[in-house]
Amino acid sequence: MADEDGERELGVMSLKDYEAIEAEITDRESLWTIASARGLPYSSIRSIYSIKVTEQAKRDHGFHVGQSVKYWARVKEQLLSAARPGLLLQMAEEYNTQPYLMAKFVLEGLGGFEGAKKKMNPVLRDFLKDPKSIDANLARVGEGAAMREALVREVNLCIEQDDTRGPLVDLCNENVGLRFEALLSQHLMAAGIRFLDDGENRALALNKTPDALLLTSAAVYGQEIRWMDSKGMFGDAATLKTNFEEQFLPYTRRYGAGLVIYWFGYVREVARELEERAHTASYAAPVFIVACFPDDIVVL
């Protein structure tokens, strides 16, 4: 819970400011300019950019799946005659989609992958994780070695150049999450608070546990809390509401009151609304949403 105007916590903003920032973002080159002009952490603006791109991809997904055979036909016609690598990157820009997704749509159009409209075909997903394995599928449908080598190169380029989707991004996001979980652990240890981390909870066969289940009694804002959770992301309205329903409310029912840190900030009005719901609901316990470790935490 930030102080009244939210100034103490970096990245905390009004819904109006969030919507304005989202509208200002045109591409990744605009992020530093926006962060500097608004006096906000780059990590917050970068996270909002990822949210915007992901939401656009969801809206456009059905259209691109319907065009996948057409995309493959173009690749088959133009790839070997292209002056230099980058045909799929060019197509991604032309059709206003992410490079990784363009590679996915092209491979769906290749054959044997059609129909993956909601969840990605697991075979296709494996191919995108390891583009070299595309070679065998292309050979199966009669494509020559030159085409196979060129397409593997193109898919690799898409994976390398996409900064919002793909296995490299997934790995980076996982590392960010782990880094901020470690930061939460450091703060708790510095405050003299004993806890079970996520790995220890799993070892005890505890399901759906927060990142830190407190063993030492502690209080924030006059309320004893039993758990903390770390989110290495920005909390937009949709993310906050989903996390609240799927994670935070179940945590309160199992363990009691808790605190969640969105290290890159969050939308203030939505967070306060969800906090109010948790505080007043007879089926839940208080949840505090913040953007940094509380310096006024009290060990009881």
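Q: In this predicted model, is Arg153 buried, partly exposed or exposed?
A: Buried means under 20% relative accessible area, exposed means over 50%, and partly exposed lies in between. Arg153 belongs to helix 9, residues 145–161. Its relative accessible area is 37%, so Arg153 is partly exposed.

Q: How far apart in space are Arg153 and Pro85, C-alpha to C-alpha?
A: In sequence, Arg153 and Pro85 are 68 residues apart. In space, the distance from C-alpha to C-alpha is 7.6 Å.

Q: How are helix 4 and helix 6 oriented to each other?
A: Two packed helices are described by the angle between their axes and the distance between the axes. The axes of helix 4 (residues 68–78) and helix 6 (residues 99–110) come within 7 Å and cross at roughly 90°. Angles of 65 to 115 degrees count as roughly perpendicular. Helix 4 and helix 6 are therefore roughly perpendicular.

Q: Which residues make the contact of helix 4 with helix 6, and how many of them are nonpolar, polar and charged?
A: Helix 4 contributes Ser68, Val69, Tyr71, Trp72 and Val75. Helix 6 contributes Met102, Phe105, Val106, Glu108, Gly109 and Leu110. By class, the contact has eight nonpolar, two polar and one charged residues.

Q: Is Ser68 buried or exposed, and which residues does Ser68 contact beyond its neighbours within four places in sequence?
A: Ser68 is found in helix 4. With a relative accessible area of 4%, Ser68 is buried. Leaving aside neighbours within four places in sequence, its contacts are Phe105, Glu108 and Gly109.

Q: Is Gln98 buried or exposed?
A: Gln98 lies in the loop between helix 5 and helix 6. Leaving aside neighbours within four places in sequence, Gln98 is in contact with Val53, Ala57, Ala92, Asp162, Thr164 and Arg165. The relative accessible area of Gln98 is 6%, so Gln98 is buried.

Q: What is the phi of Asn96?
A: Most residues other than glycine have a negative phi. Asn96 lies in the loop between helix 5 (87–94) and helix 6. Asn96 has a positive phi, near 55°.

Q: Where is Tyr221 found, and what is its phi?
A: Tyr221 is found in the loop between strand 2 (212–220) and strand 3 (223–231). Tyr221 is partly exposed, with a relative accessible area of 31%. Its phi is positive, in a residue other than glycine, and is near 50°.

Q: Which residues touch the most other members of the largest nonpolar core?
A: In soluble globular proteins, nonpolar side chains tend to be buried together. The largest nonpolar core here has 58 residues. Helix 12 (residues 237–255) gives this core its largest share, six residues. The members touching the most others are Leu188 and Met228.

Q: Which residues is Met228 in contact with, leaving aside its neighbours within four places in sequence?
A: Among these contacts is Leu188, which along with Met228 touches the most other members of the largest core.

Q: How many disulfides does the structure hold?
A: A disulfide is a covalent bond between the sulfur atoms of two cysteines. Cys172 is partly exposed at 47% relative accessibility, and Cys292 is partly exposed at 22%. The number of disulfides in the structure is zero.

Notes:
Residues numbered from 1 in each chain as written. Predicted model: local features only at pLDDT ≥ 70, side-chain atom pairs only at ≥ 80, totals over all residues. Heavy atoms only, no water. Axes fitted to C-alpha atoms, helices over the stretch in contact; angles between N-to-C directions. Helix = DSSP H or I, 4+ residues; strand = E, 2+ residues; numbered from the N terminus. Parallel < 35°, antiparallel > 145°, perpendicular 65-115°, else oblique. Contact = heavy atoms within 4.5 Å. Nonpolar A, V, L, I, M, F, W, Y, C, P; charged D, E, K, R; others polar. Disulfide = S-S within 2.5 Å. Buried < 20%, exposed > 50% of the residue type's maximum accessible area, 1.4 Å probe, protein only. Core = buried A, V, L, I, M, F, W, Y, C linked by side-chain atoms within 4.5 Å.
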